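This report walks through one protein model. Have a look at the sequence and the structure, then read on.

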Amino acid sequence: MEPFVLKTKEYFYLLQWGNEFPQLTAGFTTKNGGYSKEEFSSLNLGLHVGDSNELVCKNKQKLSDLIQIQTTNWVAAEQTHGINIKKISKSDSGRGTFEYSDSIRDTDGFYTSEKGILLTLCYADCVPIYFLDKKSKMIGVAHAGWKGTVHGIAREMIQKWTQEGIDPKNILVAIGPSICEKCYIVDDFVIDFVQKILEDVEEKPYNQIKEGQYQLNLKQLNKILLIQSGVLESNISVTNYCSSCHHNEFFSHRRDYGKSGRMMGFIGWKED
Ligand SMILES: [Zn+2]
């Protein structure tokens with residue numbers, strides 16, 4: 001079953017997590033229903049891509065009205081395709097939300113168990129990975145392009161949570177809308193990294209289409225790495241949405257030749 005379900009034209013939400021925990025809001029935005037123009041049309045949520053700051057903030061306000069967590073409680077990052085992950089608390093509220101310059105530096109993953117904080121990261125093809133531990137109420141989100149994926153950002157999140165006393169077997173993971181293997185052709189440089197981390201894996205998440213060209217399934221690769229980190233396969237759900245194929249719903253950095261807006265992956269506990 002598809003884990004991401006369209007709630008309004010502006011966003012998909014994680015149906016099953018939302019049904020089980022009405023106080024949890026977790027989802028992924030579309031490119032529709034916002035105020036931005038031209039290549040950012042219309043729900044661009046990235047402050048760093050050359051769009052008008054004012055319009056991006058208007059877009060954020062619109063989403064906050066829909067999901068009912070105020071923008072002053074959102075947290076955003078300067079994403080660098082690295083594997084740095086930060087535990088977020090109330091004191092970080094609002095960082096990176098209205099001005100890119102005060103984003104949390106050099107960070108591609110967030111987690112928290114505090115209520116009233118919305119963890120947000122920007123995407124246009126890279127893989128959004130959502131994490132939930134029901135018992136401790138820990139929630140997290142990561143941004144995994146090929147670099148973050150092969151350097152192990154998914155494993156990094158599981159390790160951080162293990163240090164918090166959480167058993168990986170209890171962690172639920174959802175892998176969200178991102179580029180599919182048909183739309184994502186990479187070269188030997190990338191595949192060399194993938195091969196190194198998958199020596200023991202029988203079914204490879206890539207497929208050679210010609211000399212030096214491969215289709216790479218980044219969602220599947222992250223799933224494999226999560227299982228290697230101790231997450232149960234039955235606890236991982238993967239979307240069928242592709243940011244490039246589903247052009248009516250999503251921006252795609254690759255499809256749009258680098259000129260595009262950004263979707264937002266988000267997760268947060270509403271205040272009681
Ligand atoms: Zn595709």
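## Spaces in the model

The largest pocket holds about 470 Å³ of space. This is a predicted model, where local features need pLDDT of at least 70, side-chain atom pairs count only at pLDDT 80 or more, and totals for chains, interfaces and linings use all residues. Residues are numbered from 1 along each chain as its sequence is written, and side-chain values use heavy atoms, without hydrogens and water.

On a 1 Å grid over the protein atoms alone, a pocket is an open set of points with protein on both sides within 12 Å along at least five of seven lines; a cavity is a set where a 1.4 Å probe fits but cannot get out; lining residues have an atom within 4 Å of a point. Volumes are the space filled by probe spheres set on the points, which are joined across faces, edges and corners.

The structure holds one cavity of 30 Å³ or more.

Strand 7 (117-123), helix 3 (146-151) and strand 11 (185-186) each give two or more residues to the pocket lining. Strand 7 also gives the most to the lining of the largest cavity, with three residues. Helices (H or I, at least four residues) and strands (E, at least two) are DSSP runs, numbered from the N terminus.

## The sheet and its helices

Six strands form an open sheet in the order 5-6-9-8-10-14, with mixed pairing. Strands pair if DSSP finds at least two bridges between them. Strand 5 (85-87) and strand 14 (236-238) are the edges, each pairing on one side only. Strand 6 (residues 109-112) and strand 9 (residues 138-144) run antiparallel over four bridges. Tyrosine 111 has glycine 140 of strand 9 as its bridge partner.

Helix 4 packs on the sheet, touching strands 5, 6, 8 (127-133), 9 and 10 (171-175). Contact means heavy atoms within 4.5 Å. The direction of helix 4 makes about 160° with that of strand 9. Angles run from 0 to 180 degrees between N-to-C directions, with axes fitted to C-alpha atoms, for helices over the stretch in contact. Helix 6 (residues 218-228) packs on the sheet too, touching strands 8, 9, 10 and 14.

Which residues of helix 4 (residues 153-163) are buried? They are Ile153, Ala154, Met157, Ile158 and Trp161, with buried meaning under 20% relative accessible area (1.4 Å probe, protein chains only). These residues lie on the same side of helix 4, because they cover an arc of only 145° around the axis. The arc is that of the directions from the helix axis to the C-beta atoms.

Technical notes. Buried < 20%, exposed > 50% of the residue type's maximum accessible area, 1.4 Å probe, protein only.
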